[in-house]
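Subject: Handover of a structure and notes on it

Dear colleague,

Please find below the structure that I am handing over to you.

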Amino acid sequence: MQAGLLEADTVLTFRQRRAGRSGRAVVTADGQLIVDGHSSPFSSPSKAAEAVTGNVINGWTLWHTPEGDTLDQLRQKLRAE
């Protein structure tokens, strides 16, 4: 967020076709994720993804921005700069 690659109120989504699951989360001003159906924000993308899937999972590669980038791709862009 500090680098301007992600803004507050951005909606992140994922879809796991084989498992028949999908998720939606909103980025807060302090960079946490509020997942649909959960009142408390998650400080980690992986914990937010786990709350939806019920499994330990890499949220950095699961969540996608509206443009289609994963959080991991955004992180890689930041490291490349």
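Two remarks on the source come next. The model is predicted, so local features need pLDDT of at least 70 and side-chain atom pairs count only at pLDDT 80 or more, while totals for chains, interfaces and linings use all residues. Residues are numbered from 1 along each chain as its sequence is written, and side-chain values use heavy atoms, with hydrogens and water left out.

The chain as a whole

The chain has three helices and three strands, in the order β-β-β-α-α-α along the sequence. Helices (H or I, at least four residues) and strands (E, at least two) are DSSP runs, numbered from the N terminus. The radius of gyration is 12 Å, close to the 12 Å that the globule rule gives for 81 residues, so the chain is as compact as a globular protein of that length. Here the radius is taken over C-alpha atoms, and the rule is 2.2 Å times the number of residues to the power 0.38. Along the principal axes, the C-alpha atoms fill a box of roughly 35 × 25 × 20 Å. Of the 81 residues, 31% are buried, where buried means under 20% relative accessible area, exposed over 50%, and partly exposed in between (1.4 Å probe, protein chains only).

The sheet

Strands of a sheet pair through backbone hydrogen bonds, either parallel or antiparallel. In this model, three strands form an open sheet in the order 1-2-3, with antiparallel pairing. Strand 1 (11-16) and strand 3 (33-35) are the edge strands, each pairing on one side only. Two strands count as paired if DSSP finds at least two bridges between them.

Strands 1 and 2 are joined by six antiparallel bridges, and Thr-13 has Arg-24 in strand 2 as its bridge partner. Their hairpin has four residues between the strands, and Gly-20 takes a positive phi near 70° there. Strand 2 (residues 21-27) pairs with strand 3 over three antiparallel bridges, with Val-27 opposite Leu-33. The hairpin of strands 2 and 3 has five residues between them, and Gly-31 in its turn has a positive phi of about 85°.

Two threonines

Is Thr-53 buried or exposed? Thr-53 is buried, because its relative accessible area is 8%. This residue belongs to helix 1 (residues 45-53). Contact means heavy atoms within 4.5 Å; not counting residues up to four places away in sequence, Thr-53 touches Phe-14, Gln-16, Arg-21 and Leu-62. Thr-53 and Leu-12 are 41 residues apart in sequence and 15 Å apart in space, C-alpha to C-alpha.

Thr-65 is found in the loop between helix 2 (59-62) and helix 3 (71-80). Thr-65 counts as buried because its relative accessibility is 6%. Leaving aside neighbours within four places in sequence, Thr-65 is in contact with Leu-6, Val-11, Leu-12 and Leu-74.

Yours sincerely
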